[in-house]
Amino acid sequence: MRTRSVLSVVLLACALSACSAGEGAAPTARPQLVQAPARAVYPASSYRITALPDTGWLSDINEKHYMVGTISTRAGSWVNAFALFRGGTPKLLASGGAQASAAMAVNSGGAITGALDFGYSGTPLSPDIRPAVWSNASSAPLVAPLRGVAYDINDAGTVVGTAIKAGGQYGFVWDTAGGPVLLPPLRGGTNSNAFAITADRIILGASSSSSGWQYVLWKYNGSTWLPTPITGGISALAIDEGNTVVGQTAGQASWGKPNHAGFFGVGFQSYASAVTKDGWVAVGPAWSPVAGPASSGNSFVADRSGAVTMLPIPNFVWTTVTARGVNKCGVVVGSMTYNSMAAHPTYWDPGC
């Protein structure tokens, strides 16, 4: 027997726990920043803000301005994966018989990955949440034969995510023509998460080990996937197509190659949660920025040259701003909270 579960609570709790950023001691000196192209970071006044009337959030955007996310249905009870083009209207994705769904990422061809919630099943009852892939916004979902969440998909259609099995969590890679493969943890570890993959099939995630949890990159050697720890104190949350990671080092939004290499110049209490394909521009939350208004829930756009913009908020009734994705044009996707009550899918468009 299956009973309803709330995907927005169970699924996103898993998503956030897999990508939480750690903090440490502040660095004594900032490394020299490289010169970046003058694009994708615009003054706050350049952005046109579009907030959808339904509650939810946008998770990702590709270079064709195609966005995906999770939205409340017009009926108001459950959440659904959806997609839309810049300036368009939301299109709900097929549920495949599930009670709720969420979209996490979209590739250049418009293939979408996320998860479906089929309620509670088994003995004892447990959440039956499964990784899913939609080849396009009109297709039926392909559902993985395991429980978990698919977080990312590269342009070849290879998916990564985290499976829940026997009380543990295990990163997996899924070439959808075959079945998912669990990724091996670091020596001495048992659990892992996978949350990003590049065109070169480099997988970013985290693994337990004999010395605790560490951020890692998995590379395929022709027969197996090998994990390599990311050092330098960076909590790596996203990766670009040049295999540079972004995240947080010592409480500041930072980038690495893949180890810590520099800061985005945002200030303390910030972290980068998404990055453009070329790795120059990142977005993420910032609570004590060096430029723009400080807020308990603001977000930034920044590049490696030190250019920083805090995303604008229309007026005082909108509060928390959460940036979750950005493309090379500079369109940022995420959410804004209305009157401290509920988040709404939002994108900031500089008109490029």
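**A friendly note on the sheet and the cores**

1. Let's start with an open sheet of 4 strands, which has the order 18-19-20-21 with antiparallel pairing. Strands here are DSSP runs of E, at least two residues, numbered from the N terminus, and two strands pair if DSSP finds at least two bridges between them. Strand 18 and strand 21 (260-268) are the edge strands, each pairing on one side only. From one strand to the next, the twist averages 30 degrees.

2. Before going on, note that this is a predicted model: local features need pLDDT of at least 70, side-chain atom pairs count only at pLDDT 80 or more, and totals for chains, interfaces and linings use all residues. Residues are numbered from 1 along each chain as its sequence is written, and side-chain values use heavy atoms, with hydrogens and water left out.

3. Inside the sheet, strand 19 (residues 245-249) and strand 20 (residues 252-256) pair in the antiparallel sense over 5 bridges. You can find T249 opposite Q252 in strand 20.

4. Now the largest nonpolar core, which has 18 residues. A nonpolar core is a set of buried Ala, Val, Leu, Ile, Met, Phe, Trp, Tyr and Cys residues joined through side-chain atoms within 4.5 Å; buried means under 20% relative accessible area (1.4 Å probe, protein chains only). L204, Y215, L217, I230, I239 and V245 have the most contacts inside this core. Strand 18 gives the largest share, 4 residues.

5. Take a look at L217: leaving aside its neighbours within four places in sequence, its contacts (heavy atoms within 4.5 Å) include L204, I230, I239 and V245.

Terms used. Buried < 20%, exposed > 50% of the residue type's maximum accessible area, 1.4 Å probe, protein only. Axes fitted to C-alpha atoms, helices over the stretch in contact; angles between N-to-C directions.
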